[in-house]
Amino acid sequence: MSFEYLIDPATGPQWQGVLPGRPAPYVLRRGEGEHAKLFGDLFTVLLSGEETENQFGIITADCPPGDVIPTHRHDATHETFYVLEGAVRLFFEDADGSQQTQLLAPGDFGFVPAGYAHAYQVVEPSRMMGTLSGGFERFFQHMGTPTDHTGAQPPFIPDFPRMQAAAQQHRMQFLPEHRWDVPE
C-alpha cells in the first residue's frame with residue numbers, strides 16, 4: 001500500500017460527514033463527496049442510500065483507459081452509465097440473452113437492470129456518473145480504499161478475499177468464465 005492512501009485513523013477521511021446521512025437538502029461543490037480508490041479509478045459518492053431512504057445512490061467515476069472491468073451481475077442492483085467525458089465500451093446481455101456491446105461517448109447513457117451480466121472497458125480517459133440501487137454505492141468503498149486525494153495516485157489493488165467480501169456484502173457475482181463473443 002502506498003502512503004497516498006494513508007488516512008489518519010483518529011479522524012478518518014477528511015470527507016467524513018460531508019453527506020448528511022439522512023434525507024436533508026445539501027449541496028456539494030466540484031470535487032466534493034466521499035472518495036475511494038479502486039484499481040486506477042477514483043469513485044466519488046455524491047448521494048448515498050442514507051439520504052434517499054435506501055432508494056438510490058449517485059456516484060461519479062474518474063477512470064483511466066484500461067482492461068475490461070470483469071463480467072458480473074447484481075442480484076438486486078440496477079446500474080446506469082452516463083458518460084460525461086471520454087469513451088466507455090459497455091458489454092451486456094439483453095432481455096433475450098443475446099450479447100451486445102455499445103461504445104458510449106459524452107452524453108450517452110446505458111442501463112443494466114439487476115440480474116443481467118455486464119462488463120465495461122474504459123477506452124479513453126473518462127468521467128462517468130452512475131445511479132445505482134440504494135446501498136450499492138458503498139461497494140466501491142468496501143472493495144477499494146477511502147482516500148482524500150482526488151489527483152493522480154497509484155492504483156489500489158484489493159486482494160481476492162476483500163473483493164469476494166465486498167461482492168458478497170452487495171449481492172454481486174463475478175462471472176470469470178463468461179466470454180463476450182461480440183465484435184468490439
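Mentor: The account below begins with the model itself and then turns to the core, its aromatic rings and the neighbouring helix.

The model is predicted, so local features need pLDDT of at least 70 and side-chain atom pairs count only at pLDDT 80 or more, while totals for chains, interfaces and linings use all residues. Residues are numbered from 1 along each chain as its sequence is written, and side-chain values use heavy atoms, with hydrogens and water left out. The mean pLDDT (the predictor's confidence in each residue, from 0 to 100) is 92, and 95% of the residues reach 70 or more. Helices (DSSP runs of H or I, at least four residues) and strands (runs of E, at least two) are numbered from the N terminus. Among these elements, the mean pLDDT is lowest in strand 9 (residues 145-146), at 91, and highest in strand 7 (residues 109-112), at 98.

A nonpolar core is here a set of buried Ala, Val, Leu, Ile, Met, Phe, Trp, Tyr and Cys residues joined through side-chain atoms within 4.5 Å. Buried means under 20% relative accessible area, exposed over 50%, and partly exposed in between, with a 1.4 Å probe and protein chains only. The largest such core contains 26 residues, and F43, F81, L90, Y120, M128, F139 and F140 have the most contacts inside it. At least two core residues come from each of strand 2 (41-47), strand 3 (56-63), strand 5 (79-93), strand 8 (118-133), helix 1 (139-143) and helix 2 (160-169). Strand 5 gives the most, with five residues.

Contact means heavy atoms within 4.5 Å. Not counting residues up to four places away in sequence, L90 touches F81, Q100, T101, Q102, L104, G110, V112, A119 and Y120. T60, a residue of strand 3, is buried with a relative accessible area of 6%. Leaving aside neighbours within four places in sequence, T60 is in contact with L42, F43, T44, L46, R127, M128 and M129.

Turning to the aromatic rings, those of Phe, Tyr and Trp (its six-membered ring) pair if their centres lie within 6.5 Å; planes under 30 degrees apart count as stacked, over 60 as edge-to-face and the rest as tilted. The whole structure holds six aromatic pairs. In one of them, F91 and W180 have ring centres 5.8 Å apart and planes at 40°, so the pair is tilted. Because F91 lies in strand 5 and W180 in the segment after strand 10 (172-174), this pair ties together parts 89 residues apart in sequence. F91 is buried at 3% relative accessible area, and W180 is buried at 18%. The rings of F139 and F140, with centres 5.3 Å apart and planes at 80°, are therefore edge-to-face.

Just after helix 2, R171 takes a positive phi of about 55°.
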